[in-house]
Amino acid sequence: MSAKIVVVGSSGYIGSATIKTLASDTFKSKINVSAGVRDPEAEKAQELKAGDNITLVKADMGNMETMTAAFKDADAVFVVSPGHIDREQLTINAVKAAKTANAKFVAVVSVLTSGTDSIFGRQFAGVEKYVKEAGIPFTLLRLPFFMDNFFGNQQNIKEQGKIYAPAKPDAPFTPIAVQDVGLAAATILANPEPHHGKTYNLTTGTITHASAAASFGKVLGKTVEYVQVPYSAAKDTFLGFGMPEWQVDGVMELFRYFDASSALTNDPNSDFKTITGQEPLDVEAWVTPMKGAFQ
């Protein structure tokens with residue numbers, strides 16, 4: 001009998017990467033996936049149907065009733081915290097719904113800076129505390145800065161051969177590729193028991209913005225330069241992308257952690273390999289299959 005896995009927060013980068021992985025040949029024969037979305041009829045939701053084992057269900061993180069119905073007797077629930085100012089409460093509500101629905105296991109997204117006096121740290125401290133005390137088997141997946149954020153410099157790399165950010169060129173940090181998060185999450189959801197009670201920090205090896213620029217240059221066959229910009233200019237750019245100010249301020253705090261060489265955001269470890277048996281992608285390996293997007 002196939003296991004029932006429910007992913008809520010499915011339409012974001014992490015949720016969709018996880019669903020895509022669960023629809024792959026490695027997992028699809030033994031798993032049925034319910035992709036929880038606010039509106040299963042929406043065009044964006046339809047894009048989640050990556051395989052025959054994927055079904056769209058209504059599971060609005062702002063509506064306990066829809067989540068409880070979607071999670072009923074699930075073997076595993078993956079709660080992907082939304083990019084919303086109230087995401088602490090929304091995430092807690094989802095875990096509460098999973099327990100009410102008699103789900104057997106819940107995996108929940110957090111951040112490397114959880115518990116710190118920072119915007120993201122304060123949000124996820126409450127999430128982690130609730131998850132640990134909820135009385136349901138759990139795994140916490142602490143995520144760092146995403147390698148995919150380099151897409152914010154896509155046009156700059158294409159047209160100028162430059163990457164812009166506020167961090168110092170040699171400031172160390174450990175990102176992760178979104179697709180690697182999807183693989184780690186899918187692996188845990190497919191066989192939760194070995195991961196009960198675990199907190200994983202999903203990172204790749206240490207990089208800097210200068211080394212990332214060099215990796216882009218190597219793959220693209222041209223010089224790519226890193227240009228440090230003032231924090232105020234970086235904030236204006238992120239706001240120009242349409243991000244809410246609280247979220248932009250949270251990202252600026254991450255860059256300041258990089259500048260301080262914080263061990264929280266510079267955390268090379270073996271957690272990803274422990275879960276998947278594979279090494280995480282480095283910048284060069286991440287860029288190579290999609291280098292056309294940056295040329």
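In α4, residues R87, E88, T91, I92, V95 and K96 are in contact with F120, R122, Q123, F124, G126, V127, Y130 and V131 of α5. The residues that form this contact of α4 with α5 comprise seven nonpolar, three polar and four charged. The model in which these contacts were computed is a predicted one.

Two packed helices are described by the angle between their axes and the distance between the axes. For helix α4 (residues 87-100) and helix α5 (residues 119-133), the angle is about 15° and the axes lie 9 Å apart. Angles under 35 degrees count as roughly parallel, and α4 and α5 are therefore roughly parallel to each other. Their crossing is right-handed.

Helix α4 also packs against α3. The axes of α3 and α4 cross at roughly 45° and come within 8 Å, and the two helices are therefore oblique to each other. The crossing in which α3 passes α4 is right-handed. On the α3 side the contact is made by M64, M67, T68 and F71, and on the α4 side by N93, A94, K96, A97, A98 and T100. Six nonpolar residues, three polar residues and one charged residue make up the contact of α3 with α4.

At 1.5 Å a residue, its 14 residues should span 20 Å, and the end C-alpha atoms of α4 are 20 Å apart, which agrees. Buried positions in α4 are R87, L90, T91, I92, N93, A94, V95, A97 and A98. The elements against which the buried residues of α4 pack are β1 (3-8), α3 (64-71), β4 (76-79), β5 (106-111), α5 and α10.

Beyond α4 comes N102, with a positive phi near 65°. N102 is a residue other than glycine, and its place is in the loop between α4 and β5. The relative accessible area of N102 is 53%, so N102 is exposed.

A positive phi in a residue other than glycine also occurs at S261, where the value is near 55°. S261 belongs to the loop between α10 and α11 (271-276). With a relative accessibility of 44%, S261 counts as partly exposed, because exposed requires over 50% and buried under 20%.

Helix α9 (residues 231-240) and helix α10 (residues 245-259) have axes 10 Å apart and an angle of about 140° between them. That angle makes α9 oblique to α10, because only angles over 145 degrees count as roughly antiparallel. The crossing of α9 past α10 is right-handed. The α9 residues Y231, A234, K235, F238 and L239 meet the α10 residues E245, V248, D249, V251, M252, F255, R256 and D259. Within the contact of α9 with α10, eight residues are nonpolar, no residue is polar and five are charged.

M252 was examined individually. Leaving aside residues up to four places away in sequence, M252 touches P166, Y231, A234, K235 and F238. Of these, Y231, A234, K235 and F238 are among the α9 residues that meet α10. M252 and P289 are 37 residues apart along the chain, and their C-alpha atoms are separated by 29 Å.

Helix α7 (residues 178-190) was considered for its length and burial. The 13 residues of α7 reach 18 Å from the first C-alpha to the last, close to the 18 Å expected at 1.5 Å a residue. Helix α7 is mostly covered, with 11 of its 13 residues buried. The buried residues of α7 are V178, D180, V181, G182, L183, A184, A185, A186, T187, I188 and L189.

Conventions. Residues are numbered from 1 along each chain as its sequence is written. This is a predicted model: local features need pLDDT of at least 70, side-chain atom pairs count only at pLDDT 80 or more; totals for chains, interfaces and linings use all residues. Side-chain values use heavy atoms; hydrogens and water are left out. Helices (H or I, at least four residues) and strands (E, at least two) are DSSP runs, numbered from the N terminus. The expected span of a helix is 1.5 Å times one less than its number of residues. Buried means under 20% relative accessible area, exposed over 50%, partly exposed in between (1.4 Å probe, protein chains only). Axes are lines fitted to C-alpha atoms, for helices over the stretch in contact, and angles run from 0 to 180 degrees between N-to-C directions. Angles under 35 degrees count as roughly parallel, over 145 as roughly antiparallel, 65 to 115 as roughly perpendicular and the rest as oblique. A crossing is left-handed if the near helix is turned anticlockwise from the far one by less than a right angle, and right-handed if clockwise. Contact means heavy atoms within 4.5 Å. Ala, Val, Leu, Ile, Met, Phe, Trp, Tyr, Cys and Pro count as nonpolar, Asp, Glu, Lys and Arg as charged, and the others, Gly among them, as polar.
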